[in-house]
Amino acid sequence: MNVSGIIIGLSSFVIIGIFHPIVIKCEYYFSAKVWPIFLVSGILCCALSLMIENDTLSGITGVLGFCLLWSIHELRKQEERVKKGWFPRNPKRSGNVV
């Protein structure tokens with residue numbers, strides 16, 4: 001029995017679930033200006049997944065890399081959600097215009 005597909009699927013579910021609050025917190029505390037961290041981390045994870053010989057671990061690392069890259073888009077969208085008032089704006093962060 002090959003369970004690697006189930007493991008990758010479950011890992012994808014968990015990684016995506018973890019990144020939702022990470023994006024919200026990053027935008028709240030640092031603004032969307034932290035996107036280069038997500039870019040570099042995503043590229044590194046994708047490159048690392050190409051070098052890992054274990055298919056399951058390679059797949060999980062690739063999913064992590066693409067979730068990091070997708071988070072760049074979500075940071076921008078989160079910024080828009082905050083402007084619309086759907087999420088709270090951080091009053092302590094400089095540059096806030098109410």
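A salt bridge is a side-chain nitrogen of Lys or Arg within 4 Å of a carboxyl oxygen of Asp or Glu. Some ground rules before you start: residues are numbered from 1 along each chain as its sequence is written, and side-chain values use heavy atoms, with hydrogens and water left out. You're looking at a predicted model, where local features need pLDDT of at least 70 and side-chain atom pairs count only at pLDDT 80 or more, while totals for chains, interfaces and linings use all residues.

**Exercise 1.** Find out how many salt bridges the structure has, and which residues form them.

*Solution.* 
- Step 1: Searching the whole structure turns up two salt bridges.
- Step 2: One pairs Arg 81 with Glu 74, whose closest N and O atoms are 3.0 Å apart.
- Step 3: The other joins the side chains of Glu 80 and Lys 77, at 4.0 Å from N to O.
- Step 4: (Helices are DSSP runs of H or I with at least four residues, strands are E runs of at least two, and both are numbered from the N terminus.)

**Exercise 2.** Decide whether Phe 13 and Leu 75 are buried or exposed.

*Solution.* 
- Step 1: Grab the cut-offs: buried is under 20% relative accessible area, exposed is over 50%, and partly exposed is in between (1.4 Å probe, protein chains only).
- Step 2: Phe 13, found in helix α1, has a relative accessible area of 65%, so Phe 13 is exposed.
- Step 3: Leu 75 belongs to helix α3, and its relative accessible area is 0%, so Leu 75 is buried.

**Exercise 3.** Work out how far Leu 75 is from Val 34, in sequence and in space.

*Solution.* 
- Step 1: Count along the chain: Leu 75 and Val 34 are 41 residues apart in sequence.
- Step 2: Go from C-alpha to C-alpha, and Leu 75 and Val 34 are 8.6 Å apart in space.
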